[in-house]
Amino acid sequence: MKGNIILTGDRPTGRLHIGHYVGSLKERVRMQNEGGYDAFYVMIADAQALTDNAENPEKIRNSVTEVLLDYLAVGLDPERVTFFVQSGVTALPELTAYYMNFVPYSRVVRNPTVKSEIATKDFGRSVPIGFINYPISQAADITAFKANLIPVGEDQEPMLEQTREIVRAFNRIYKKNVLVECEAVLPKNKASLRLPGTDGNEKMSKSIGNCIYLADDAATIKKKVNSIVTFPREINAPGILENNVLFIYLDAFCDDESFVKFYPEFENLDELKKAYTAGGIGDGRIKQFLNDVINDVLTPIRERREALAGDVDKLMDILSKGTKKANEVANATLAEVKDAMGINYFK
Ligand code: ATP
Ligand code: MG
């Protein structure tokens, strides 16, 4: 890991959910604990969140500490990770402005994630330019820190491709290797790449509201798990695994230990799947197991979160120290970028 710089982030549009957990947070904790990297940054992307929430600034403001609490609750450690707020790093919009010149308009509107996000949001015909532009600002976020490893969910691949294109264009035009190419670190587990929502939507997402949040209490989790719609069938009829949200969640969350604890009739998920497709196991029993498994993962996270939530001063201190450090690093990169571009007149 030596020589690696890790950066990732989340939009403070609400609390973090189990899709974030399996898609990115778990990988971050693993990478943090393996150690050996040169720097590890986690950004709370408030400026990006405002691109589709301009009329809802309170939501963004209130979610900043909620997201930080989620980070600390899953085990990210401010001694090893620099947490910062995007809007506090002034070099980022400046880099964005220069990078915009490397990206054709047609390229931005072709971005598949942007396209599908526009389709799920209520913009009508008034898509803000800031929103269309956010993949470019994401390139600024990543390159400002010379990050090469980005632990994210699958929906972020098109953003990283856009970032690499900007890096290549910049380094080619200015004949300097100032900017660094990045790659995604995706979860190995297929179900975790893009966890579906409890409503069956292909993605669990804060903006859609089909989420099980890391902070949800046991009763809420139970209600949400029970609300997952399954294929109607006779109690003893064979179950279908394809597009079955219960089993996608089990794929993402359970391990052999879960069976010892909560379903000792089976040894592992493969066995349970076989029995389920053979018939005789109702979805009620699967929901009960899933509820036990999710609760087992979330209970310690929820407890740590509750213990930390009261100390707002400490949370703000973590963010302000991290943002100060992030500014120093990003300013240094901005100076290099401006040198390479020859717009350093008063040096
Ligand atoms: P919003 O609806 O505001 O965009 P979101 O739920 O999509 O919120 P983001 O803050 O955009 O969350 O994403 C943060 C990180 O979590 C990204 O790396 C993203 O890939 C990952 N992620 C988000 N949702 C999922 C999911 N359902 N499955 C796996 N990873 C996810
Ligand atoms: Mg998103």
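In which helix is E165 found? E165 sits in helix 9, which covers residues 157-174. The model you are looking at is predicted, so to speak a computed picture: local features need pLDDT of at least 70, side-chain atom pairs count only at pLDDT 80 or more, and totals for chains, interfaces and linings use all residues. Residues are numbered from 1 along each chain as its sequence is written, chains are lettered from A and ligands numbered from 1 in the order in which they are written, and side-chain values use heavy atoms, leaving out hydrogens and water.

**Residue E165**
- E165 has a relative accessible area of 29%, and is therefore partly exposed (buried means under 20%, exposed over 50%, partly exposed in between, with a 1.4 Å probe and protein chains only).
- The side chains of E165 and R107 are joined by a polar contact of 2.8 Å (a pair of N or O atoms within 3.5 Å; within protein, one must be able to donate a hydrogen and the other to accept it, and residues adjacent in sequence count only if both atoms are side-chain atoms).
- From C-alpha to C-alpha, E165 and F102 are 8.6 Å apart in space, and they are 63 residues apart in sequence.

**Residue N4**
- N4 belongs to the segment before strand 1 (5-10).
- With a relative accessible area of 16%, N4 is buried.
- A polar contact of 2.7 Å links the side chain of N4 to the side chain of N148.
- Leaving aside residues up to four places away in sequence, N4 touches Y37, D38, A39, N148 and L149 (contact means heavy atoms within 4.5 Å).

**Helix 4 and helix 8**
- The axes of helix 4 (residues 91-99) and helix 8 (residues 134-144) come within 8 Å and cross at roughly 120°.
- Helix 4 and helix 8 are therefore oblique to each other (angles under 35 degrees count as roughly parallel, over 145 as roughly antiparallel, 65 to 115 as roughly perpendicular and the rest as oblique).
- On the helix 4 side, L92, L95, T96 and Y99 make the contact, and helix 8 brings I136, S137, A139, A140, D141, T143 and A144.

**Helix 10 and helix 14**
- Helix 10 (residues 218-227) and helix 14 (residues 283-309) have axes that come within 10 Å and cross at roughly 145°.
- Their contact is made by A218, I221, K222, V225 and N226 of helix 10, together with K287, L290, N291, I294, N295, L298 and R302 of helix 14.

Notes
Axes fitted to C-alpha atoms, helices over the stretch in contact; angles between N-to-C directions. Helix = DSSP H or I, 4+ residues; strand = E, 2+ residues; numbered from the N terminus.
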